[in-house]
Amino acid sequence: MNSAPDPQALQETGSSPLARWRRWWRRLPPSRQDRFVTLAPLLSVLLFLAAIVVAITYLRYEELDREQEAVTRDVEYAQQRLRLRLLERQEQLMRLAREVDNKEINTEEFAFQAETLISQFPELQAISWVDARRSVQASYASPSAPAALLRAQGSTLTTGDTDGSFELARDLRQPVYSRPLGDEPRLATLLLQVPLAEQGRFAGTVMGEYSVDGLMRFGLPPEVMSRYAVALMDDRGRVLAGNLQTPSSVLRLLPWSAQALEHEVPVSPVGNGLILKAQGYRTSQDIVGNGFFWVIGALSALTVWMLLGTWRHTRKRVQTQQALVSETNFRRAMENSMLTGMRALDMQGRITYVNPAFCSMTGWTESELVGRTAPFPYWPDDDHDQLAARLEDELSGRSTPGGFEVRVRRRDGSIFDSRMYVSPLIDPKGHQTGWMTSMTDITEPKRIREELSASYERFTTVLESLDSAVSVAPLGSDEMLFANKMYRLWFGTRGQGHRQLVDLTGTQPTPAPDNGDAVDAFAGMPTDTLTDAGSENAEVFVEELDRWLEVRTRYLTWVDGRLAQMVIASDITPRRNAEEQAARQAERAQTASRLITMGEMASSVAHELNQPLTAISNYCNGMISRLKEQRITEDDMLAALEKTAKQAQRAGQIIQRIRAFVKRSEPNPMPSDVAQMVSNAIELADIELRRQQVRLSPYVAARLPSLMVDPILIEQVLINLLKNAGEAIAQAGRPPGERYIEMRVGPRRLDDQEVVEFSVRDSGNGVPAEMIERIYEAFYSTKSEGMGIGLKLCRSIVESHHGRMQVQNIYNGDEVVGCCFSFWIPVHSRLKPETEPAASAATPLTDMERAR
């Protein structure tokens, strides 16, 4: 009986690397063993050559990297020096532009300062003051500047003179550098456009012209220019200043042998239009190192060539086998991956081949279809006659080149639509052996096409039923692309109505004049995606239709790719009529509110007028008595008459102020002084407040700007708020020490907008919380005898001046101790004065003043 082998010894023997390698080597065929034996010395030679190449390449490229880093560092330093010099000149030109904006200098002083700058900084060739119309207001050029830079005062710059930088500065409102200009590279100049502004509008530029050659000579560090060949180039590669080395004609023995050390960087802030480039001066070739490298390479290549000769034929045989296998697998994979069904018929109409896609479409396997003749199992029962005729035409060569559409039945009985294309099947000898048919499932495309057709019909029906006129026309053409029923009813079928609406809205782009410049004819069109571009609205009156129309325009891309403009016009005549009637009613309500206010203040006004009239009567009676007794001198008579005239003037001013306040007139915005409006309102409201024993404390900030408002309407708002505040205090029954009103007028900034805020604070009981949301409603009042139109009109007046009005209670803890009504009016209003203030609008003179 044999003893069992030791498992541990077997495991150690079988798991050693040498044992595993031996088993693997013995399993290889002899041809494979010969190949590996041949490849071993080849790999050794290649690894030796690779090690030598890597070592030499690494050392050389490391040295080149260090030198390149030095070039890059020096060029970046030179670019920073040049950038700082440009920024310093830019700051000086911006300071000069600010003085022009502030009108601190005239043209003569401008020329003097320009001369000073040019004399101090040689790279500046000329400085010009150009207005918004490109007209030169003042200019000074260096004596050494070319004749082209001498610009006479009053001359006009062309687009070619500024290369578009003037327009870019106008659009961006910031300094802009141009590309280097000039046909002669060595005389190229660089423009800096510094925009000017006057009251927020573009007023021209201060244009500085640099010599590119001067920038290089005076702006680059000498130590950089001594170590490198430095040049300034434009974006087209032209050398504008400096010199670069020409490519060397020395034979390059190694890839890095003649490699130039260079670096280029755009000059900031000019951008890519001006590039600073530097090249390191060339040194001698490393002949010894290059020769050593190529000797080793030649010996290694010879050894490799000798080894390759031993297994070249084996490699060719293996490659041929692999190519055959790859070609077979590729054709099989292509047939199996096609989504189009393929079917081959012989000359008798028998199926000889089907691909997997054809089987997947029909549901029958390849074995069930190959060898079958008509009728085929995938033919629908109802289409046998039609498909048999098709097959006969196909076998006769009468098939349609564009294919034909047929119905196909699947194995489960379902039907789908397909399109078939037939072509002759030619063998390698050029003989026809049958017919090849390709089949594509078109069920889904056909369904989508039918849905699109139905969707188009629904879309057309909706547009034809609209109450608005819709039209589409291409830009720059009289052709009408679409017009719905309402458009045809208003304007007919031609494009005159479309063009008329576009002209009335002012949205038709005007092609630029043909002045030789390469300018797009539709400059100013939206550059964003047309579907994202916003529409433009306008309200116009069409005399032919006697209608007001709201016209909306939008640019779109038509189905044929042309740029078109769509116009939608809606009839808004009833709305405009209603707005005009509402405006007339609002005007009458404002006048009625002023009359009601003065009616409520009638007793106080009468008491106010009684004081100067009583004083006049007393002065007159006193003078009569003293004249009768002849106890009055001429000086006493003159003093008494002057006092009488002042009292009469005071009474006349009160009457004229009331008359101007209640006078019915059209709203007339005009530049109005805030302090004067507040003074007029206080003069009328203070009469009522004194009667109610209410103390008014006004505060008006100094140096407030003028407001574009109707002063009478703003005075009406202030009087209403002051009167309401006095009535609230009287209704609250406050003691005399607490009966006061604070009125404050001052500037504020709300949402990046300069405004003037008016606020009236009283010491009444405030507005109940449940009523604070309704106090602006028409005919709603917190007073039993109030009509409820005062605050409604006040809010309407403020909002008509593009302002806002608000109310809030004043708390002391949980107790309401007053109320504050405030409103603000924007300083920069969009309102325009409608009529010039007439001379008759001034306060008329009283009889006493006329007499004086």
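1. The count of disulfides comes to zero, where a disulfide is a pair of cysteine sulfur atoms within 2.5 Å. Cys820 is in no disulfide, and the nearest cysteine sulfur, that of Cys819, is 7.1 Å away. Cys820 is buried at a relative accessible area of 7%, and Cys794 is buried as well at 1% (buried means under 20% relative accessible area, exposed over 50% and partly exposed in between, with a 1.4 Å probe and protein chains only).

2. This is a predicted model, in which local features need pLDDT of at least 70 and side-chain atom pairs count only at pLDDT 80 or more, while totals for chains, interfaces and linings use all residues. Residues are numbered from 1 along each chain as its sequence is written, and side-chain values use heavy atoms, with hydrogens and water left out.

3. Searching the whole structure gives 11 aromatic pairs (rings of Phe, Tyr and Trp, the last by its six-membered ring, pair if their centres lie within 6.5 Å; planes under 30 degrees apart count as stacked, over 60 as edge-to-face and the rest as tilted). Among them, Phe166 and Phe202 are edge-to-face, because their ring centres are 5.6 Å apart and their planes stand at 75 degrees. Phe166 is buried at 2%, and Phe202 is buried at 13%.

4. The rings of Phe376 and Tyr378 have centres 5.6 Å apart and planes at 15 degrees, so this pair is stacked.
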